[in-house]
Each structure stands twice: as structure tokens, then as C-alpha cells.
Amino acid sequence: MSETTGFNIGDLINVIPLNEGGGMHEPKVEQLMGKLRRLQQGKRILEEEIKEIKCVSDSSQKELASLQTEAYQLEGILKEKEELCRKLQFQSAESEQDSVRQLNQNRKSEELLEQYRCEIQEFKLKHRKQRMKFENQLLHLIEQHKNLHSVFSPERLPEEITSAENRRSQLLAAELMKLAQLHRLQEELEEMEEHKQRATTAAETQGE
């Protein structure tokens with residue numbers, strides 16, 4: 001800065017030079033006026049530089065305040081994004097757990113449904129065997145009735161017929177009970193299939 005003004009601090013100190021004999025003499029007025037003008041010029045230059053520095057400082061302060069405000073806003077946005085990210089991660093984890101539970105439930109439903117199918121098939125097979133056995137027994141009773149009719153007297157015939165009818169009624173009641181059990185198992189199978197279909201629809205809706 002001293003180079004731009006054309007003077008240095010020595011101009012202020014060496015106002016009164018020494019003569020050759022080591023003595024002092026009064027400076028000339030022209031010299032003092034010249035130095036004064038240089039000092040005044042340097043003062044103006046310094047004041048202008050101070051004003052310029054102050055303007056730059058004020059501008060820097062405003063820019064700093066603006067940057068700090070923007071930084072606070074960005075920090076708030078970052079916190080919102082982080083919170084949203086945590087919520088999405090939590091929802092994703094819950095959705096994944098729900099999917100796993102739904103898959104496990106569907107697998108158990110399918111296993112139970114297959115078990116019911118096997119039981120129904122087994123029950124049908126048993127019922128078919130019992131029906132064939134009942135038909136054979138009925139034919140055998142009819143044959144016995146014919147034989148008894150020829151062997152025993154007509155007075156005992158009503159009693160034998162009643163006994164045969166009772167046995168026939170018992171066999172029919174057993175058959176009706178088995179048919180009711182088969183109907184109940186069939187209804188349970190249909191309910192399991194409807195539950196599985198609803199669970200599959202719910203899983204597809206959640207996946208979308």
C-alpha cells in the first residue's frame with residue numbers, strides 16, 4: 001500500500017535531516033509542503049481503500065448470512081429426507097415381514113387343504129367299502145330270509161322280518177352318519193379354498 005501512495009514511513013521520520021557536521025538545520029518550507037501534500041494524498045488513498053475494504057466486508061457479510069441461511073434450509077431439507085428415508089425403510093421392513101407372514105400362512109393353508117383332501121379321499125374310499133359291505137349284507141339277509149321262509153313256520157316269519165328290517169335300519173343310519181361327516185368335510189374344504197383365495201388376493205393387492 002505504501003508503494004501505491006509514493007511515500008513511506010521514512011518520510012515522516014526524516015523531516016529534519018542532519019548536516020555534514022552532525023548538526024541540525026531547519027527544513028525548507030517547500031519540502032514540508034511537498035511532504036504534507038503527499039501525506040494528504042496518502043490519507044485519501046487510504047480512506048478510499050478503507051471504504052472499498054468496508055464495502056467488500058459488508059458484501060462478504062451479506063453473502064455469508066445468505067449462505068448460512070441456505071445452509072440452515074439445506075440442513076432442514078436433509079433432516080426431512082433422512083426422516084422420510086427412515087420411515088420408508090421401516091415401512092419396507094414391515095411390508096417384507098407381512099409378505100413373509102402371508103407366505104407362511106398360505107403355505108400352512110395349502111398343507112391343511114391337502115390334508116383335508118387326503119382325508120376326504122380316504123373317507124370316500126372307506127364309505128365305498130362300507131356301502132359294498134352293506135349291499136353284500138343286505139343281499140345275504142335277503143337270501144337268509146328266503147331260506148328262513150322255507151325252513152321256519154309262517155308264525156315266526158314276522159319276527160325274522162322285523163329283525164332283518166332293524167338291522168337294515170341300523171346299516172342305513174350308519175350310512176347316513178357317514179354321509180353327513182363327508183358333507184361336513186366337504187364344507188370345510190370349500191371354506192379353506194375360499195380363505196386361500198382371499199389371502200392370495202390380499203397379497204397381490206399389497207404387492208401392487
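Residues are numbered from 1 along each chain as its sequence is written, and side-chain values use heavy atoms, with hydrogens and water left out. As the model is predicted, local features need pLDDT of at least 70 and side-chain atom pairs count only at pLDDT 80 or more, whereas totals for chains, interfaces and linings use all residues.

Across the whole structure, a search finds 11 of them, each being a side-chain nitrogen of Lys or Arg within 4 Å of a carboxyl oxygen of Asp or Glu. One of these joins Asp-98 to Arg-101, with the closest N and O atoms 1.9 Å apart. Both residues belong to helix α3, where a spacing of three residues amounts to about one turn; helices here are DSSP runs of H or I with at least four residues, numbered from the N terminus. Asp-98 is partly exposed at a relative accessible area of 28%, and Arg-101 is partly exposed at 48% (buried means under 20%, exposed over 50%, partly exposed in between, with a 1.4 Å probe and protein chains only).

Glu-114 and Arg-117 form another salt bridge, their closest N and O atoms lying 3.5 Å apart. These two are separated by about one helical turn because they are three residues apart in helix α3. Glu-114 has a relative accessible area of 42%, and Arg-117 is partly exposed at 35%.

A further salt bridge pairs Arg-131 with Glu-175 at 2.3 Å between the closest N and O atoms. This pair links distant parts of the chain, with Arg-131 in helix α3 and Glu-175 in helix α4, 44 residues apart. Arg-131 is partly exposed at 40%, while Glu-175 is buried at 14%. Shared partners also join Glu-114, Arg-117 and Glu-193 into one salt-bridge network.

Next come the surface patches, built from residues with over 30% relative accessible area and no salt bridge, joining like charges within 9 Å and nonpolar side chains (Val, Leu, Ile, Met, Phe, Trp, Tyr) within 5 Å. Glu-187, Glu-190, Glu-191 and Glu-194 form a negative patch. Of these, Glu-194 sits in helix α4 (residues 157–207) and is partly exposed at 45%. Val-29, Met-33 and Leu-36 make up a nonpolar patch with about 270 Å² of accessible area together. Met-33 lies in helix α3 (residues 29–151) and is partly exposed at 39%.

Finally, the cysteines: zero disulfides are counted, taking a disulfide as a pair of cysteine sulfur atoms within 2.5 Å. Cys-55 is exposed at 53% relative accessibility, whereas Cys-85 is partly exposed at 38%.

Methods:
Areas by Shrake-Rupley, 256 points an atom, 1.4 Å probe, with all protein chains shown as cover. Lys, Arg positive; Asp, Glu negative; His and termini not counted. Charge placed at Lys NZ, Arg CZ, Asp CG, Glu CD.
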